[in-house]
Amino acid sequence: MSENVGEATAGAQESDLPSGGRRRLRRTHDWAQGRAKAVGALASVARWVGTLIALLLTVHVVLTVGGANPDNGITRFVADWSQPLALGFADLFTPEDPQLAVLVNFGIAAIFWLILTSIVVRIISAFG
């Protein structure tokens, strides 16, 4: 038997090996590293989704308090998407001033989404 590590042993010739004399090393998959990457990607997606929802709610507050034209397409788009994302906060407080109501209720909803996102990202990251 030959004691050379990089060469063929036990009577095999270099031409007998499929790669022309070179041994192929088997690559093993590191499952822990793959799982950590997947969990990290999932946490990033959750962080982005929560941040975008909070941003949309904040834009709705700015457009409303700033006096944007409610018939404008952008203003309607933001208002239409903000209503369901505000969850139960859209009519939590009912002050007489409608702009103040939007500021308080949708502002609380935006803060809620940021806090919820932070908690979800920590839970997801714990699995990585």
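Helices (H or I, at least four residues) and strands (E, at least two) are DSSP runs, numbered from the N terminus. By that reading the chain has three helices and zero strands, and its elements, followed from the N terminus on, run α-α-α. The model is a predicted one, in which local features need pLDDT of at least 70 and side-chain atom pairs count only at pLDDT 80 or more, while totals for chains, interfaces and linings use all residues. Residues are numbered from 1 along each chain as its sequence is written, and side-chain values use heavy atoms, with hydrogens and water left out.

Of the 128 residues of the chain, 23% count as buried, where buried means under 20% relative accessible area, exposed over 50%, and partly exposed in between (1.4 Å probe, protein chains only).

Two packed helices are described by the angle between their axes and the distance between the axes. Here the axes of helix α1 (residues 31-65) and helix α3 (residues 98-126) come within 9 Å and cross at roughly 175°; such axes are lines fitted to C-alpha atoms, for helices over the stretch in contact, with angles running from 0 to 180 degrees between N-to-C directions. Helices α1 and α3 are therefore roughly antiparallel to each other, a term for angles over 145 degrees. The residues of this contact divide into 19 nonpolar, nine polar and one charged, where Ala, Val, Leu, Ile, Met, Phe, Trp, Tyr, Cys and Pro count as nonpolar, Asp, Glu, Lys and Arg as charged, and the others, Gly among them, as polar.

Helix α3 also holds Ala 126, which is exposed, with a relative accessible area of 65%. Although Ala 126 and Ala 36 are 90 residues apart in sequence, their C-alpha atoms are 10.0 Å apart in space. Ile 119 is likewise a residue of helix α3, and at 45% relative accessibility it counts as partly exposed.

The loops complete the picture. In the loop between α1 and α2 lies Gly 67, which counts as exposed at 51% relative accessibility; its C-alpha atom is separated by 8.7 Å from that of Gln 99, 32 residues apart along the chain. Leu 87 has its place in the loop between α2 (73-85) and α3, and at 47% relative accessibility it counts as partly exposed. Most residues other than glycine have a negative phi. Phi of Leu 87, however, is near 55°, a positive value in a residue other than glycine.

Methods:
Angles under 35 degrees count as roughly parallel, over 145 as roughly antiparallel, 65 to 115 as roughly perpendicular and the rest as oblique.
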